[in-house]
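Please follow the account below with the sequence and the model side by side.

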Amino acid sequence: MALGDQSDFATRLRAVLPLGWFPAPPASGGTTQTPVLDALLLGLGNAWAYLYSLLAYTRAQTRLATMNGAFVDMFSADMFGGTLPRNSGETDAAFKVRILADFTAPKNTRAAVSAAIASATGNTPNIIEPLNASDTKGYGSTSTPATGGGYGYGTTGLRYGSLSTPGVFFVEMPVGSSLTATANAVLGAKADGIGAGIRIKTS
């Protein structure tokens, strides 16, 4: 007999029955004189044991440290809006480690977005901000690409820059990178209201 099991509840119910109604329960190892009563109490004890185990299970699902199965997936969906799904074949323990890491990870900066993408995909992204002259190399040339800060189209190695697109950046990923993993990492790390475009290189 263990705390909360069928026999435990049957014993508890037997203990609160009025004295004198039934013969005393047998000593340990003895033969019962009330088989019908015992069967009835064990039936009630079975239902209470189920409720007790359900309560214990439900209580465990209220904390990330003790929850398991689909409850971990629901916790991630609630906290991160679906941007941090479980990886294929990932265990509860490994998934919870990623969830906790995401809670404390830096957010909203270029470095934070880059780190999030690298962690999710294993590849370092090339991030381009049109407003950043260091990214667009606008008004420059291949010999002096770091000068200026406006237009870089039409020249190999340069990007199109713009002074009128604040809050926008683009992500270039190497061949074979996961678009889904990249997008989820960007959504989880960028600030709300900031636009982002993603390009996976094909060669």
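In this predicted model, Asn126 faces Glu172 of strand β2. A second bridge links the two strands at Ile128, whose partner in β2 is Phe170. Both pairs belong to the contact between β1, residues 126-128, and β2, residues 168-173, which pair in the antiparallel sense over three bridges.

Phe170 also stands opposite Gly197 in β3. Here the sense is parallel: β2 and β3, the latter spanning residues 195-200, are joined over six bridges.

Taken together, the three strands form an open sheet with mixed pairing, in the order β1-β2-β3. Because β1 and β3 stand at the edges with a single partner strand each, one side of each has no neighbour in the sheet. On average, neighbouring strands of this sheet are turned by 20° against each other, direction ignored.

Helix α5, residues 110-121, packs on the sheet and touches β1 and β2. The direction of α5 makes about 30° with that of β2.

Is Thr34 buried or exposed? Its relative accessible area is 8%, and because buried means under 20%, Thr34 counts as buried. Leaving aside residues up to four places away in sequence, Thr34 touches Arg14, Phe22 and Pro23.

Notes:
Residues are numbered from 1 along each chain as its sequence is written. This is a predicted model: local features need pLDDT of at least 70, side-chain atom pairs count only at pLDDT 80 or more; totals for chains, interfaces and linings use all residues. Side-chain values use heavy atoms; hydrogens and water are left out. Two strands pair if DSSP finds at least two bridges between them. Helices (H or I, at least four residues) and strands (E, at least two) are DSSP runs, numbered from the N terminus. Buried means under 20% relative accessible area, exposed over 50%, partly exposed in between (1.4 Å probe, protein chains only). Contact means heavy atoms within 4.5 Å. Axes are lines fitted to C-alpha atoms, for helices over the stretch in contact, and angles run from 0 to 180 degrees between N-to-C directions.
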